[in-house]
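Biologist: I am new to this structure and would like to learn how to read it. Could you take me through a few features, one at a time?

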4 protein chains.
Amino acid sequence: MATRMKAGIIGAAGYAGGELVRLLLLHPYVELVFAQSNSQAEQPITNTHTDLVGETTLTFSSDMTAEVDVLFLCAGHGAARKFLETTSVAATTKVIDLSQDFRWNEQTSESIVTTGERAFVYGLPELQREEIKKAQHIANPGCFATAIQLALLPLAQESILTSEVHVSGITGSTGAGQQLSETSHFSWRTENISTYKVMQHQHLHEINRSIKQLQPNQQPAIHFVPYRGPFARGIFITAYTSSDLTLAQATELYQSYYAQHPFVIISAQNPDLKQVINTNKCILHLQKHGEQLVITSMIDNLLKGASGQAVQNMNLLFRLDETTGLKLKPSAF
Amino acid sequence: MATRMKAGIIGAAGYAGGELVRLLLLHPYVELVFAQSNSQAEQPITNTHTDLVGETTLTFSSDMTAEVDVLFLCAGHGAARKFLETTSVAATTKVIDLSQDFRWNEQTSESIVTTGERAFVYGLPELQREEIKKAQHIANPGCFATAIQLALLPLAQESILTSEVHVSGITGSTGAGQQLSETSHFSWRTENISTYKVMQHQHLHEINRSIKQLQPNQQPAIHFVPYRGPFARGIFITAYTSSDLTLAQATELYQSYYAQHPFVIISAQNPDLKQVINTNKCILHLQKHGEQLVITSMIDNLLKGASGQAVQNMNLLFRLDETTGLKLKPSAF
Amino acid sequence: MATRMKAGIIGAAGYAGGELVRLLLLHPYVELVFAQSNSQAEQPITNTHTDLVGETTLTFSSDMTAEVDVLFLCAGHGAARKFLETTSVAATTKVIDLSQDFRWNEQTSESIVTTGERAFVYGLPELQREEIKKAQHIANPGCFATAIQLALLPLAQESILTSEVHVSGITGSTGAGQQLSETSHFSWRTENISTYKVMQHQHLHEINRSIKQLQPNQQPAIHFVPYRGPFARGIFITAYTSSDLTLAQATELYQSYYAQHPFVIISAQNPDLKQVINTNKCILHLQKHGEQLVITSMIDNLLKGASGQAVQNMNLLFRLDETTGLKLKPSAF
Amino acid sequence: MATRMKAGIIGAAGYAGGELVRLLLLHPYVELVFAQSNSQAEQPITNTHTDLVGETTLTFSSDMTAEVDVLFLCAGHGAARKFLETTSVAATTKVIDLSQDFRWNEQTSESIVTTGERAFVYGLPELQREEIKKAQHIANPGCFATAIQLALLPLAQESILTSEVHVSGITGSTGAGQQLSETSHFSWRTENISTYKVMQHQHLHEINRSIKQLQPNQQPAIHFVPYRGPFARGIFITAYTSSDLTLAQATELYQSYYAQHPFVIISAQNPDLKQVINTNKCILHLQKHGEQLVITSMIDNLLKGASGQAVQNMNLLFRLDETTGLKLKPSAF
């Protein structure tokens, strides 16, 4: 590729925005031309993302400063839609939104959500890579939604996700963003466990929609208990459902489904969350106990659950190898 | 009480043994006359339990050094039964065993397990306080078993625990004891999450037995996903089951069941684990979502889940107020 | 003691206030008659200090609701002085202030600071227990100030703290209080280390003043590097200075100095912070390397470093045994 | 570069070995041809380094399986020397040893240590990049030694490191390796702080030797208090010494010294350890307080403090750009 693509970020001072900056600075085919922030405009990026000292001398802009090939929206839920309604973005610019604004539509069961003339394609490559390649606008999935869908999609694809699904999942603190809150206060959160939005997590909408897309005639109830855990990065979920498949059959199904998807790995190892931290991978692990098929799914919430998946989508939009710029050294510890 | 009871501990160098030493040194009616340890015999207790420096000058003994009124066995699974089979313990000595050796009997569904002439009563005061008071030997419940039973017993008592029960639970590292292992290595465990014994945790035996005791004609399946969490103390479980009760009805049922049990509290606050750390309390929290009654249960695994409950049982055995020596300052942070 | 002392707390919704509530609820000779909070007035205490559910049904008051024997001020730096200047407090009420407002006086080198008619005695029992017993108003020392002074006072008492002193120390997150801030955000603080106020920590004032009080003719420079650590509770400091004492001589000196002080223990064990957590103890450990005498000092910042020391001072003011209500079960893990 | 260099690792199952595998798999000019392990021979690498599932199908070898261009020794202290004494390694193979076996020589003050015919050059690029480029064998520096030297070398280069130096430093748990021990037990280490080898850390040898190399006529005493911290990765040190330099002069000196060294950055931001985690960077921060020049230095102990620096040395040995394969996405959280 002779020239680099020009990329810009709206809302670059937050966690997802910072991860995007880190990824794009290392991406061989991207030039980051602006990183916008309302709160930090005109400040050096390294004042906020202090680990980038020595890596960039860019300052946050207050606005879009140039036309770009791809625009990432990290503005947050609600703000993304408002941004697009009030800002002139070139028609040729591809837009990848990391908020939930365009992920699902209450009125329809479709995976395309529109605002004005823009139609957003739900950007889970392991569900619909071909649709993504052809899209102009992408709604990047939620973090829990990614982990849970990757655990369930192979069953739905075969229309055999028919029994109730029981999911428990634990998220790190970065999942709640950088705003200060009581549940992200270190004194409270360290060595602590709590639940939130039990049975009511908003990501269930996307998950149910994707399952319906694959198996339109079956919509099993999904019961989801989300936990807040005392760690910064990562999502670990365990899902189980009654299934006729043997472990061998299930393993074959999952391996087949993900054979062409480089970031999803079926592992025979006992899973632990740090296997995926600082990578764009999703590691799945299967067990069978009695009638219950148990699927563990782990991702880094800021990468495969947010900014890494956004770059994966960008790679698809621009027909790059899906893994470009995403072969990351795991932190491991 | 004019004279203090004499107490001894077998296996006092481990975590549960250490907690017992801490509790008994502060108990107003107990004199700790020996603390036995195979590995640390003749060493000062404060070499192992370094926080007790200045509190005691006792050394670990290699054997029982005196007849005692109450003997706590913290020897570990398997070792407790062997100890009693090979050691002469005065018939008048009350024995409280913290291992799983006498908690359940594969052959029977009863809550009394025997070895030789000794009959062990299952020591969950909130299940059978009166039986405990009359007992000579107590099998102290498991930590997960305590948390899960306290979440479910009121329903079983009314014979309305009839639907499948789904439980996820997270335990701190002290639950695995002080032996060194890969999953208790700091570099591995910090900021990490993993599962173990999915659907196969050994505590399900005690739980199922207690439920059968209360509602002999119904035995719902209990699906249990145990997690290892990156924290030292505590157990947090979430159980849900389909129920006809409204939230108000469930709350009334639970409040009524635990009205006379000082250590179990029904809280309307959103639960977080540190509410119970360094206390003997179990905090329960109820929610209703659709048909699902969701019960959260939290304990300190080393106190209400082990040594605190053992002291609670001792208090009952000796007709002391159940809370004697167990009004502890929460650590809170 | 026939009747309980009446106690009140101003600023009871913060960390130090919460610890005081926990301690006073368990104190055998105290009745907590009010717990004031501006922000939480009329709310149940258990809404804020959720671990106290089941322990108290008190609500925060907006004001002092009764005359009390002892009033604890946890209002914060600056607010304590303002409170006393604007509020009518009975002359017979003893006041213990936990802020820095009355700890030292820029103009004088004395350990008594006055406001209006009130003269505050610096409340470090191991420095001046007799003065505290006779006092009406107490300025409770700072947390780092307590740990560092207890490490150095025996040398100053002998007028042999003459060489430069080098101190590094690490504090947990509760030392910064419950207000939300970037450096107390979990995502930032977990697994992180940072310094703050290097060579400029405000507690050096109290420390230098106490040393001057004991050895008026020598004032060695104290260099202090404070660290923020990824843990909630505790302060660990290491001080070293050139000294002629052998290790044996130093040990004897320290043991002699603290022989009558029940909360300070000279330990031969290698120190680790959790030895003192959830206790009112200070553990000191001595080493000698070449000419350097190295003193480690560890406290729980919220107890011996704040609320525990305040109760210790209260006990002295009312001629109770100094340890009343302060024999606490260590959390150990 | 037409062909990739062939690399092998002895002792690849440990922490440093694992990091090397992670780095070399991503290095554009290296082919990892074997990864030897005594304990894990014939097992898949991903059984031990579970995060690499999907990245490699290599198994650990029991021995060197081929001649290589570069051999990394992660065998551990003592074992490296023994390996070279007992194993035939091709004379053309460049060797990079990560143990302390060849870092310093008690008999001489030189930076070259020999065994048999092999002469090891001390591999701190910021001290002697040109000597490294010409070397055949490299002794990779210690982790604390790297952080402390990078904080002090500019002063020594100017022969103005003449006053006593006071250093405190905190290391994460991975610094102690993967072997199980009481001080790496999660239950002990979490939320804990302790010291070890106070004033006696073995890395002082290398540090003193390098300083003597730069300023032969001055050898100031270095007092070093090492702490163990409750985190997995990283080293944070604070050094101070009396200096005539103003802050501006010191900053200019350090910027000048490191101008040609891409991994060392002088930052004006307040330092926190996570700025360098999962990178090969060293971030330095300077303050001046009175006469004291205070230097903070932070590295990832497994990268710039071990395996990253080893790859940096490899790049120099083979005349690659020093940063090849070392532009890593920081984990940041």
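**Reading the model step by step**

Modeller: Gladly! At 40% relative accessibility, A:Glu164 counts as partly exposed. Keep in mind that this is a predicted model.

Biologist: Where does A:Glu164 lie in chain A?

Modeller: Look at the loop between helix 5 (143-157) and strand 8 (165-171) of chain A, and you will find A:Glu164 there.

Biologist: Which residues form the negative surface patch?

Modeller: A:Glu164, A:Asp244 and A:Glu291 form it together with B:Glu164, B:Asp244 and B:Glu291.

Biologist: Let's turn to sheets. How do I read one?

Modeller: Start with the general idea: strands of a sheet pair through backbone hydrogen bonds, either parallel or antiparallel. Now take chain B, where seven strands make an open sheet in the order 9-10-8-11-14-13-12, with mixed pairing. Strand 9 (194-195) and strand 12 (264-266) of chain B stand at its edges with a single partner strand each, so one side of each has no neighbour in the sheet.

Biologist: What is the strand order of the open sheet in chain C?

Modeller: The order in chain C is 9-10-8-11-14-13-12, the sheet has seven strands, and its pairing is mixed. Strand 9 (194-195) and strand 12 (264-266) of chain C are the edge strands, each pairing on one side only.

Biologist: And how do I follow a single pair of strands?

Modeller: In chain B, strand 11 (residues 235-242) and strand 14 (residues 292-299) pair in the antiparallel sense over eight bridges. As one point to find along that pair, B:Ala239 stands opposite B:Ile295 in strand 14 of chain B. In chain C, strand 13 (residues 282-289) and strand 14 (residues 292-299) run antiparallel and are joined by eight bridges. There, C:Ile283 has C:Met298 in strand 14 of chain C as its bridge partner.

Biologist: Which strands of chain D pair with strand 11 of chain D?

Modeller: Strand 8 (residues 165-171) of chain D pairs with strand 11 in the antiparallel sense over seven bridges. Strand 14 (residues 292-299) of chain D also pairs with strand 11 in the antiparallel sense, over eight bridges.

Biologist: Why is strand 11 of chain D largely enclosed by the rest of the structure?

Modeller: Seven of the eight residues of strand 11 (residues 235-242) of chain D are buried, so the rest of the structure largely encloses this strand.

Biologist: Next, charges. What should I look for?

Modeller: Side chains of opposite charge can pair when their charged atoms come close. Over all chains, the count here comes to 44 salt bridges.

Biologist: Which residue forms a salt bridge with B:Glu206?

Modeller: B:Arg103 does, with the closest N and O atoms 3.1 Å apart. This pair links distant parts of the chain, 103 residues apart: B:Glu206 is in helix 7 (residues 204-214) of chain B, and B:Arg103 is in the loop between strand 4 (94-97) and strand 5 (112-115) of chain B. B:Glu206 counts as buried at 1% relative accessibility, and B:Arg103 counts as buried at 3%.

Biologist: Where can I see a salt bridge that crosses between chains?

Modeller: Go to B:Lys281 and C:Glu55, whose side chains meet in a salt bridge (3.1 Å, N to O). The pair crosses from the loop between strand 12 and strand 13 (282-289) of chain B to the loop between helix 2 (45-48) and strand 3 (70-73) of chain C.

Biologist: How many residues apart are D:Glu322 and D:Arg129?

Modeller: They are 193 residues apart, with D:Glu322 in the segment after helix 9 (303-317) of chain D and D:Arg129 in helix 4 (residues 125-133) of chain D. Their side chains meet in a salt bridge (2.4 Å, N to O), and both D:Glu322 and D:Arg129 are buried. Salt bridges that share partners also join A:Glu19, A:Arg22, A:Asp51, A:Arg233, A:Asp300 and D:Lys329 into one network.

Conventions: Residues are numbered from 1 along each chain as its sequence is written. Chains are lettered from A and ligands numbered from 1 in the order in which they are written. This is a predicted model: local features need pLDDT of at least 70, side-chain atom pairs count only at pLDDT 80 or more; totals for chains, interfaces and linings use all residues. Side-chain values use heavy atoms; hydrogens and water are left out. Buried means under 20% relative accessible area, exposed over 50%, partly exposed in between (1.4 Å probe, protein chains only). Helices (H or I, at least four residues) and strands (E, at least two) are DSSP runs, numbered from the N terminus. Two strands pair if DSSP finds at least two bridges between them. Patches are made of residues with over 30% relative accessible area and no salt bridge: like charges are joined within 9 Å, nonpolar side chains (Val, Leu, Ile, Met, Phe, Trp, Tyr) within 5 Å. Accessible areas come from the Shrake-Rupley method with a 1.4 Å probe; for residues, only the protein chains shown count as cover. A salt bridge is a side-chain nitrogen of Lys or Arg within 4 Å of a carboxyl oxygen of Asp or Glu. Lys and Arg count as positive and Asp and Glu as negative; His and the chain ends are not counted. The place of a charge is taken as NZ of Lys, CZ of Arg, CG of Asp or CD of Glu.
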